[in-house]
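Please look at the sequence and the structure first.

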Number of protein chains: 2
Amino acid sequence: MTVTVVGIGLIGGSMAIALKEKGIATKVIGVDANAGHQQKALDLGLVDEVLDLETAVKVSDLIILSVPVNALLLLVNTVLDNVDRQVMMDAGSTKSGLLDVIKDHPKRGRFVATHPMWGTEYSGPEAAVRGAFTGKATVICNKEESDEDAVALVENIYRQLGMHLVYMNAVDHDVHVAYVSHISHITSFALANTVLEKEKEEEAIFELASGGFESTVRLAKSNPAMWVPIFKENRENVLDVLNEHISQLRKFKACLEKENYEYLQDLIVNANGIKKIIK
Amino acid sequence: MTVTVVGIGLIGGSMAIALKEKGIATKVIGVDANAGHQQKALDLGLVDEVLDLETAVKVSDLIILSVPVNALLLLVNTVLDNVDRQVMMDAGSTKSGLLDVIKDHPKRGRFVATHPMWGTEYSGPEAAVRGAFTGKATVICNKEESDEDAVALVENIYRQLGMHLVYMNAVDHDVHVAYVSHISHITSFALANTVLEKEKEEEAIFELASGGFESTVRLAKSNPAMWVPIFKENRENVLDVLNEHISQLRKFKACLEKENYEYLQDLIVNANGIKKIIK
């Protein structure tokens, strides 16, 4: 089938590689607002050709929207307008606002809302990698609002990519990703800023940085063009989790201030419970 | 030479492996208060024999103290009392308190304060791994308080392990590690507690956890027996960094509350500055 990837960056580019490799796409068309990304996607062989959005949609069987969530909100109705028999899917990190925006569109059924749970802190076509999605979960939201054939096609594709399917409504999805993805990015950005602030006084601060620091701070390299729109879209959930996280940090602070090391021990033992989740 | 490792866990065990492998130690003697760890260290071949501390010190050329920092503070003077020509070194995560405790000991010169900047979230003899220290930094604190021959021996060993030497006074060391190690552990513990708290309501919360979450939360598996004493010893520095970190998080919170997405963008762009440090 012919697949159009709108937004040929980390996710769209990695998806293009996987669809070609699995023989799912015989042709991949790239659409991107950024001329530099268009050329790079061609040079890297991520896409077979670059077309404008309207032309690309017409000749495609599947359209994958992998643009930042703000662009997605602006784009999704226009693409739906041009769709007929085609299937459309997205790969966005937030879902409630998106599905609200299209809920009364006459072609709503052609759209399948998905969120493959994979990413890195890098962005752009050069960030695309082989084997990106294998073994990870992908969420399909509000399945019942999509046409059966459209859902079946998308499910089949994700299964061929080696992904595990999770079904969730958009509201629950947005709460869950605030906890297991969005807050990790905020703590990482804030930790980077904490240490960079100190570096202004003390040049040698990073000389001792090792694996543990790198692990907690690597997400701080993530692209603001992707993350500001995510935080904006999922603002209320992210605020809830951020408030909870600050209050958890305050417990550690209180333990140290009051020299209550028994409670500090309890907090750490509780945190160790993450072992049952993260092997 | 004959080396005694006091505390045959993650660090001591990995050190024993490396010293044997590089031909630095012809014999490794293990000392450990935990009988289970003694047996495990023998079973895993980390040590050649297990002795009591006093006997081990007598027959050794080098004694490595790799116990939690609270145990280190209790132990270090006793070991120094038994030392004559031998060299002693530690591998502890905090230094000011330790060096205060021994500063007037007549054998102070035999002791070299070191902190190899490597670790994982695991502990005990089973956590010991090969090639643990290669390519990492190691700190030597207050070098001028140690005998020249003792420093030379320790430097030579760390160089043979493939480590890069950094010299620092104990006070600066403790500030720096609060920034590049201790705070990472607190954020990770607190993040784990944040998410585990929510899990009580929503079972499926972890179904969507992927690499980014795992990366920021993996340190939350770390052993409280090691970390409570570190936070206690480095309390004031950790509190300073924790206060700064909470205030950085509050900036993200304020951006979201006030919907100030330009400032949010600025905060993230600033955090991206970590790219120049962490490749």
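Is the crossing of α7(A) and α7(B) left-handed or right-handed? The crossing of these two helices is right-handed, a term for a near helix turned clockwise from the far one by less than a right angle, with anticlockwise giving left-handed.

The model is predicted, so local features need pLDDT of at least 70 and side-chain atom pairs count only at pLDDT 80 or more, while totals for chains, interfaces and linings use all residues. Residues are numbered from 1 along each chain as its sequence is written, chains are lettered from A and ligands numbered from 1 in the order in which they are written, and side-chain values use heavy atoms, with hydrogens and water left out.

**The two copies**

Two copies of a chain are related by a rotation about an axis and a shift along it. Here a rotation of 180° with 0.0 Å of shift along its axis places chain B on chain A, with an RMSD of 0.0 Å. The two copies are thus related as by a two-fold rotation axis. The superposition is by least squares on the C-alpha atoms of residues with pLDDT of at least 70 in both copies. Within chain B, the residue closest to the rotation axis is T216(B), at 2.2 Å (C-alpha). Because 100% of the interface residues of chain B are also interface residues in chain A, the copies meet through the same surface.

**Helix pairs**

Helices are DSSP runs (H or I, at least four residues) and strands are runs of E (at least two), both numbered from the N terminus. Their axes are lines fitted to C-alpha atoms, for helices over the stretch in contact, with angles from 0 to 180 degrees between N-to-C directions.

| Helix pair | Axes come within | Crossing angle |
|---|---|---|
| α7(A) and α7(B) | 11 Å | roughly 165° |
| α7(A) and α10(A) | 9 Å | roughly 60° |
| α9(A) and α11(B) | 10 Å | roughly 140° |

Angles under 35 degrees count as roughly parallel, over 145 as roughly antiparallel, 65 to 115 as roughly perpendicular and the rest as oblique. α7(A) and α7(B) are therefore roughly antiparallel. Contact means heavy atoms within 4.5 Å. Among the residues that meet here are V175(A), Y179(A) and L191(A) of α7(A) and V175(B), Y179(B) and L191(B) of α7(B). This contact of α7(A) with α7(B) divides into twelve nonpolar, six polar and two charged residues. Ala, Val, Leu, Ile, Met, Phe, Trp, Tyr, Cys and Pro count as nonpolar, Asp, Glu, Lys and Arg as charged, and the others, Gly among them, as polar.

Within chain A, α7(A) and α10(A) are oblique to each other, and α7(A) passes α10(A) in a right-handed crossing. The residues in contact include D174(A), V175(A) and Y179(A) of α7(A) and N237(A) and V241(A) of α10(A).

Between the chains, α9(A) and α11(B) are also oblique to each other, and their crossing is right-handed. W227(A) and F231(A) are among the residues of α9(A) that meet α11(B), where L264(B) and I268(B) are among the partners. By class, the contact of α9(A) with α11(B) has eight nonpolar, two polar and one charged residues.
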